[in-house]
Every structure is written in structure tokens, then in C-alpha cells.
Amino acid sequence: MRVEVDAAAIAANVRVLAARVGVPVCGVVKADGYGHGAVRSARAMLDGGAAMLGVVDLGEAVALRRAGIDAPVLAWLHGPGVDFSIAAANRIDVAVSSIAQLEAAAAAGATVHLKLDTGLGRNGIARGDRTAAIARAIELARGGARIRAVMSHLAGTSRDDDLAQVGDFTAAIAEAADLELELRHLANSQGALALPQARFDMVRIGMAAYGIDPNGPGDGSGSGAAALGLVPAMRVCADFTAGVASIGLDDGLLPAIGAPVVVAGELARVVAIEPRRLRIEPPLTGEGVLWGDPGVPASTLPGASADPALAEPGADAWAVAAGTIGYETVTRMGAVQHGHDRGQGGDAGQGSGEGGLRGQDAAMRSGALAPRRVLELGLDGEPQRLLGEVIGVKHVDAGLGISYGADYVTERQTTLALVGLGYADGVTRAATGRPVVLGGIAHPIRGRVAMDQLVLDIGDRAASVGDPVELAHASAPELTGMIGARVAVELAGSVPDADAMESLGARIGGSLRAGDTVLLIGPLGAGKTTLTRGIGRALGARGTVQSPTFVIARTHRTAAGPDLQHVDAYRLLGDGDDEAELDDLDLDLDGAITVAEWGAPLEHALESWLRVEIARDDVAADDADLESDDESPRTVRLSGRGPAWPAARVRALADAALADAALADAALGDPFPPRGPVATGPRSANGSPNAHATHHSDEEGASA
């Protein structure tokens with residue numbers, strides 16, 4: 001599959017929209033630029049005249065700074081561990097949705113936009129807290145805090161309801177008059193185009209800038225976007241042989257049975273979508289366009305000989321067949337382009353570009369940049385759960401509509417828990433009503449799932465910011481397909497005995513290269529040395545790999561090339577002089593492979609590492625009488641941190657297990673074991689089958 005993005009189209013669309021609305025434009029590039037590439041899209045937005053860029057979290061903002069983008073940037077969704085000093089150091093504006101966030105951002109010296117909930121029911125300061133929040137903002141501003149703006153977001157329920165939000169927002173602005181605000185902004189693409197009253201000092205343009213009608217897919221023809229003068233910026237192609245292409249649900253395609261596909265200038269329809277296979281009828285051969293620009297005649301395609309009136313299908317046509325909107329269709333393509341190379345642990349979305357990021361050591365701390373978004377795979381590579389956290393809790397009255405369109409309205413005074421996961425992260429818009437486990441209790445998703453957040457109505461139950469949540473694979477099968485580029489991958493499961501622990505070490509060792517560090521976390525007798533022995537076996541380490549307790553560090557020459565440095569960090573950083581003690585060891589962290597038992601104290605000194613946590617349920621952590629090679633089971637969790645351990649690399653550790661399993665199946669005479677159900681016939685509900693996602697393409701990368 002090839003994803004082609006036309007940056008010139010994005011720039012042209014911004015010019016058209018800016019001329020239409022007549023106020024400055026904030027170009028929104030969240031979720032990897034709605035799948036178009038965040039940095040590419042940001043530069044195009046600025047070329048088109050955007051005055052500011054908008055992203056979801058600090059991770060996405062930091063990625064832009066690292067890429068050398070110096071324009072004003074606003075981030076508006078934050079996890080409980082957010083470090084606003086990173087925003088201040090890198091001139092990133094932050095929107096705050098609670099008094100606690102306001103206090104933290106002001107204390108860090110960040111430039112603040114007060115985000116108010118005027119009726120969308122998601123993030124934003126609740127109406128009941130508004131007066132207190134504005135009063136506190138005024139007090140902080142008098143003390144030197146920079147409160148630059150007030151913002152909100154339209155629900156798009158109806159024209160009358162949106163106008164009511166405009167009125168509520170106007171009243172809030174009056175209440176905040178003493179703040180001497182520079183900016184007031186409310187409207188997204190849809191509101192900016194439909195309601196001049198909602199434009200205020202700036203509008204936030206997202207999907208319309210990418211050439212898709214913000215009012216929805218309509219009949220799928222793309223006529224709505226064309227009427228606005230917009231040009232689609234994404235084209236998705238694949239090669240078909242006798243009606244089959246080697247792409248599918250695992251590549252981010254939603255199950256769109258009946259969607260049009262143009263192959264060599266002839267029209268076909270999707271009749272089946274499997275995890276890694278797409279089938280069309282009639283069974284044509286040649287280059288196919290899944291979606292592109294409906295304004296381009298199909299007769300211009302390579303090998304075309306058909307009706308010149310036939311045009312490329314648009315993303316809206318795929319969306320109609322899938323029962324969703326063009327936003328979701330294109331956003332899921334982001335990870336195809338980047339191979340999940342962003343989003344590790346708390347550093348989700350930070351990317352790997354070069355640039356002038358300041359506060360980098362602080363940025364590496366888990367949770368400092370973004371809410372937790374983790375796809376958990378078993379050690380065998382099979383998806384288990386999507387893990388997130390509560391990023392907002394607020395008490396609301398009866399009658400509040402939740403999310404776009406107010407499909408769900410609160411029936412009584414209640415508590416809402418906002419979760420930082422959305423359809424850019426693997427929870428499709430069709431997931432409304434599915435259970436999310438919070439505090440051991442399953443709560444249905446209420447209201448439409450947004451690109452980056454969902455809402456739970458938890459009634460009179462208690463919840464706090466930072467509480468973990470999970471969507472099990474059984475209740476969210478779509479997470480087995482395309483996850484967003486900002487989602488981390490972790491592997492977790494049970495290791496039955498010492499032999500299996502050593503085999504896991506060998507799997508890890510086979511992926512290591514010079515400069516890698518593996519930190520082993522676990523109690524005495526957990527099997528840290530056994531796992532290291534497996535790493536050494538894979539690397540061809542010379543000498544016996546044993547616990548380095550009495551020597552602190554031991555170096556092994558290896559057949560693989562780089563030395564293996566085996567470190568015991570238990571006593572390494574005990575007196576507070578961290579850097580001095582680390583330097584005394586004279587470790588070659590760049591040229592060798594380092595494995596550190598009791599490795600947690602080393603995290604502050606590293607840019608990247610693989611964290612391996614080992615636990616034993618049957619023993620106390622301080623039990624010193626245990627043997628590390630006994631046969632009791634352990635639970636293990638592998639997670640990557642920093643740019644050297646992107647999601648794709650962690651996932652490859654599971655791919656190695658899948659490859660071993662495939663070889664075993666082949667030996668038993670089943671070279672192609674089934675990988676889950678197939679979407680065929682009448683359109684199935686959104687969701688991917690139970691299959692591990694391995695992204696592949698006919699051609700590397702995407703063209704700009």
C-alpha cells in the first residue's frame with residue numbers, strides 16, 4: 001500500500017479557508033496531521049498562512065519543535081504527569097481544563113489558554129467551576145502569570161445549539177474581562193464555515209485543511225468539499241492481481257464492504273477485507289486507487305482505458321461504506337507511513353527528528369509529555385488490551401450533551417471521567433457503548449468517540465485523574481488493526497520456567513545492537529540473571545554470564561561484535577552522586593550493549609532503554625533465599641523508552657515469537673494458519689478481527 005500526500009493541496013486549502021473566514025487560522029496537525037504526517041502538514045499549513053499550529057498534547061508539540069518548526073503551537077490535552085515546564089522552555093502554549101492544571105501551568109511559566117466546556121461535555125473547565133477558575137486566573141495574572149486566551153469547542157449538535165454555545169462563550173469572555181485576553185477562539189472547521197458569529201479572534205481548522213468536508217461524507221462523492229473549493233491531500237493506492245491486494249485491516253483499512261476502487265481506470269467494489277488481504281469484484285489487475293481526488297478522471301491513471309467520466313473515489317466514499325466519517329478513514333493511515341515510529345511510554349508522539357528541544361532530560365520522564373496510550377500484546381504477539389488513563393474528572397448537571405451531536409445526554413447530576421484515547425489510537429467511532437474498565441468496573445463509552453478522547457458516565461462512583469483504564473481485546477477488536485502513531489506497544493505475559501526465561505532473553509538479545517541498554521527490574525530471584533544469560537547466548541558472549549553482584553560490572557566479548565556489559569545497579573547510585581558513580585564504572589554506553597540488573601536508578605542518565613519488569617506473585621520482593629533458576633512462573637512486561645525503542649521495534653520482539661510459531665505450524669503442515677474472521681458481504685460493524693497487526697507496503701514510505 002502506498003500513501004501519497006500532497007502538501008501543496010494542504011497549503012492551498014488553508015488559503016481558501018482563511019480567505020473565507022477572514023480571521024487568523026490555527027492549523028490543526030494532531031494525530032500525525034490526521035494521518036498526513038504532522039511535520040509535513042505543519043509546514044504546509046504555515047505556507048498556506050496559518051498563524052498558529054494546534055496539537056493534542058505536548059508530545060506532538062515537542063515533535064514539531066524537534067523538526068525545527070518555530071511557529072506558535074498550542075497543545076490542549078494533558079495527562080496527569082504532564083510537565084508544563086517543557087512547554088515553557090519550548091514556547092508551547094497550553095490549554096488547561098481544570099483549576100489544578102491552571103495552577104501547574106502558571107507555576108511552570110507556561111502561556112495559558114483557559115479551555116471552557118460550553119456544551120461539548122468533554123475536556124474543558126466545567127460550568128460549575130468556571131467562575132472560580134476565572135477568578136483564580138485573574139489572581140495569577142496579577143502575579144505575573146501569562147493567561148493569553150480563552151477557548152472552547154462547538155458540539156455541532158444543531159445551529160441553535162451552536163449559537164447557544166456562542167452566547168455562553170461570549171458571557172464567559174465578559175466574566176474574564178480583567179484578564180485582558182489576546183485571543184478568544186471557539187470554532188472548528190465546521191463552525192468556522194457555518195457560523196460567522198463563532199469566529200471571534202481565531203478559528204481552528206483541521207479536517208477541512210486536508211480537503212475533506214467537515215460536515216460529513218454526504219453521499220460519498222466529495223461534492224461537499226469541492227463546493228468549498230477544497231482539494232483532497234491524500235491518495236491511497238495498492239497493486240491488485242486478479243482482484244486481490246496484499247493489504248487489509250491490519251494496515252488501517254476500515255471494513256468498507258462495497259467501497260469503490262478504481263483499478264487501471266475501471267471501477268470495482270470491495271467484497272472482502274481480511275487482516276492482510278483485500279478482494280474486489282470484478283477481479284481486475286493493475287494499480288488501484290482506494291481513495292484520492294474525486295476531481296481527477298480515472299482515465300489519467302496508468303494503464304487506464306475506461307470511461308473518461310469515471311473519477312477517483314474519495315476518502316468519503318470509503319467512509320460511507322464503513323459507516324463513519326472521512327476524518328477516521330484518513331487518520332488511520334498515519335501509522336502506515338511511519339511504521340509506528342512514535343509514541344514510547346510517556347513520550348508518546350515525540351518523534352525522532354532533530355531540533356532545538358530544551359528540557360530534554362525532563363521530557364524523557366514517563367508521562368511528562370502525553371497521556372498514557374499503550375497497546376499491550378502478549379509475549380506471543382496477540383493483542384490483549386488497550387491501556388489508558390483518566391485525564392479529567394468533572395461533576396455535571398442533568399441535560400448535558402456528551403461529545404459531537406449530543407447522542408448521549410446526562411439524565412441526572414453525575415460524574416464524567418474523560419479518557420485520553422480515541423479513534424486515532426485504535427478505538428473506532430463505532431465503539432460507543434462498549435465497556436471500558438475503570439477501577440475494576442466496566443463503564444460503557446458515552447457519546448461519540450473523538451479522535452483523541454472518550455467519555456465515561458460513572459454516576460456517583462469516585463474516580464481521580466491518573467486512574468488506569470483498559471479496553472480488553474474482546475470489547476474493542478478494532479485495536480488489533482491499525483493503532484495510532486502515538487500509541488506505545490508493550491509486551492506482557494507469563495514465563496513458565498527458567499528455560500523459557502532464558503529463551504525470552506535470547507529473543508531480546510537477537511534484536512540488540514551497539515548502544516542499546518536493557519534495564520531489568522524485579523526482586524531477588526526473579527530471573528534477571530537467567531534472562532541475561534539468554535541475551536548473552538544470542539550475542540555469542542564469551543565466558544559465563546552470571547550475577548555481577550560482587551564486581552558491579554562485567555564485560556563479555558561477543559561474536560556479534562559489540563561487547564556485552566553486564567551491570568548490577570543495586571548499589572550503584574546509592575549516595576546521591578549519581579553521575580559520578582556512573583562515570584566511575586567507565587561504561588561504553590554508545591559502543592557496547594548494556595544489561596543492568598536492578599536498573600531503574602539508571603533511567604535518569606539514559607536517552608533510550610528497553611525496560612524489562614519481572615514479578616513473582618508467590619514471593620515477597622525482599623526474600624533473599626530464592627533461587628533465580630527455580631521452576632515457578634514469572635510475569636514479565638517489556639516496554640521501550642526514548643527514540644531508540646519506538647513501538648515498531650518493541651513490536652518486533654513479538655514478531656519474532658510469531659515467526660517461530662509460524663515455523664512450527666509449517667512443520668505440522670499448516671503453513672498459513674487462520675488469523676481471524678473476514679469482513680465480507682453486507683458491511684460488518686467497524687472493528688478488526690483478532691489478528692496481530694504487521695504493517696507492510698508495496699513501496700517504502702509515502703510521497704510528499
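What share of the contacts in the chain with a separation of 6 or more comes from residues 24 or more positions apart? The share is 70%, where contact means heavy atoms within 4.5 Å.

**Before you start**

This is a predicted model, in which local features need pLDDT of at least 70, side-chain atom pairs count only at pLDDT 80 or more, and totals for chains, interfaces and linings use all residues. Residues are numbered from 1 along each chain as its sequence is written, and side-chain values use heavy atoms, with hydrogens and water left out.

**Whole chain**

Select everything. The chain has 704 residues, and 58% of them are buried (buried is under 20% relative accessible area, exposed over 50%, partly exposed in between; 1.4 Å probe, protein chains only). Colour by secondary structure: 18 helices and 32 strands. These are DSSP runs numbered from the N terminus, with helices being H or I of at least four residues and strands E of at least two.

**Largest pocket**

Select His 153, Asn 188, Pro 214, Tyr 327 and Tyr 404. Of the 33 lining residues, these are the closest to the centre of the largest pocket. The pocket holds about 590 Å³ of space. On a 1 Å grid over the protein atoms alone, a pocket is an open set of points with protein on both sides within 12 Å along at least five of seven lines; a cavity is a set where a 1.4 Å probe fits but cannot get out; lining residues have an atom within 4 Å of a point. Points are joined across faces, edges and corners, and a volume is the space filled by probe spheres set on them.

Now show helix 2 (30-34), helix 9 (189-194) and strand 9 (203-205). Each gives two or more residues to the lining of the largest pocket. By class, that lining has 16 nonpolar, 10 polar and seven charged residues. Nonpolar here is Ala, Val, Leu, Ile, Met, Phe, Trp, Tyr, Cys and Pro; charged is Asp, Glu, Lys and Arg; the others, Gly among them, are polar.

Stay on helix 2 and pick Ala 31. Its phi is positive, about 50 degrees, although Ala 31 is not a glycine. Ala 31 is buried, at 8% relative accessible area.

**Second largest cavity**

There are three cavities of 30 Å³ or more. Select Gly 211, Ile 212, Pro 232, Gly 292 and Ala 315, which lie nearest its centre among 15 lining residues. That lining splits into 10 nonpolar, four polar and one charged.

**Cores**

Select Leu 64, Leu 114, Leu 290, Trp 291 and Trp 318. Of the 134 residues in the largest nonpolar core, they touch the most other members. Such a core is a set of buried Ala, Val, Leu, Ile, Met, Phe, Trp, Tyr and Cys residues joined through side-chain atoms within 4.5 Å. A separate core has 49 residues, including Leu 375 and Val 495.

**Last stops**

Go to strand 22 and pick Arg 446. Arg 446 is partly exposed, at 29%. Beyond neighbours within four places in sequence, its contacts are Ile 402, Tyr 408, Val 455 and Asp 457.

Next, Gly 440, in the loop between strand 21 (435-438) and strand 22 (441-446). Gly 440 is exposed, at 69%.

Finish at Pro 282, in the loop between strand 14 (278-281) and strand 15 (286-291). A cis peptide bond joins Glu 281 to Pro 282, with omega about -5 degrees.
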